[in-house]
Amino acid sequence: MDIAGEINAIRREVRGRVVVLQREYPAEIEDVWGACTDPERIGRWFLPVSGDLRLGGRYQLEGNAGGEILKCERPRLLRVSWIFGDAAATFVEVRLSSIDSGTKFVLEHSGDVDEKFWEQFGPGAVGVGWDLTVFGLALHLAGVDRPHEGWESSPEAGELMTASAAAWRAAHEASGEDPAQAKAAAERTTAFYVPKAQ
């Protein structure tokens, strides 16, 4: 895997407590839309999903978040509430647009984030997970199976997550955060995702 290439393929931005990821995929917009909305395909690159998968319906990702489908405008816009455990609901919006090289994918995760949690981990807390998600989508769109079970604890995955946390640190600093605070938050994020790295 080209770790640097995967990290550099994503443009990251932090706007207050909002994290934004952009990536371009060499695939037609309808293919990307299908990958993001077809339950069978979602289970091949992200997580198994169940529920009433239509506007106003509720979804549940296996072992992860669930929520309500708030907007669904094929093939350009999907917005859902995102409820993980006992945390307050946040929101995830995916916007797709056709470009010369394929499809531009933009993911925005917004909502009220616990102040202490943000100070502890910064944007990398959700950013690293979303980086792994858009990497999985890239593999799927290229016709490659997602990494094998247990891959998340492999040295390769550790390298990718460590690089992702560093990239979110840079985006955090670019948003105006104090460099020392951004560094400390990124180190705690890395320790969470890659415990053996610390």
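In this predicted model, helix α5 is largely enclosed by the rest of the structure, because 15 of its 18 residues are buried, where buried means under 20% relative accessible area. The length of α5 can be checked as well: at 1.5 Å a residue its 18 residues should span 26 Å, and the end C-alpha atoms are 25 Å apart, which agrees. Just after α5 comes G143, a residue that takes a positive phi of about 80°.

One of the neighbours of α5 is α6, and the axes of these two helices come within 9 Å and cross at roughly 125°. The two helices are therefore oblique to each other, and α5 passes α6 in a right-handed crossing. On the α5 side of this meeting are G124, G127, V128, D131, L132 and F135, while α6 contributes L160, M161, S164, A165 and W168.

| Helix | Number of residues | Expected span | Distance between end C-alpha atoms |
|---|---|---|---|
| α7 | 15 residues | 21 Å | 21 Å |

For α7, then, the reach from the first C-alpha to the last is close to the expected value. Which residues of α7 are buried? They are A182, A185, A186, T189 and T190. Seen down the axis of α7, these buried residues fall within an arc of 140°, so they line one face of the helix. The buried residues of α7 pack against α4 (115-121), α5 (124-141) and α6 (155-174), and α5 and α6 are the pair whose axes cross at roughly 125°.

Definitions and conventions: Residues numbered from 1 in each chain as written. Predicted model: local features only at pLDDT ≥ 70, side-chain atom pairs only at ≥ 80, totals over all residues. Heavy atoms only, no water. Helix = DSSP H or I, 4+ residues; strand = E, 2+ residues; numbered from the N terminus. Expected span 1.5 Å × (residues − 1). Buried < 20%, exposed > 50% of the residue type's maximum accessible area, 1.4 Å probe, protein only. Arc of directions from axis to C-beta. Contact = heavy atoms within 4.5 Å. Axes fitted to C-alpha atoms, helices over the stretch in contact; angles between N-to-C directions. Parallel < 35°, antiparallel > 145°, perpendicular 65-115°, else oblique. Left-handed = near helix turned anticlockwise from the far one by under 90°.
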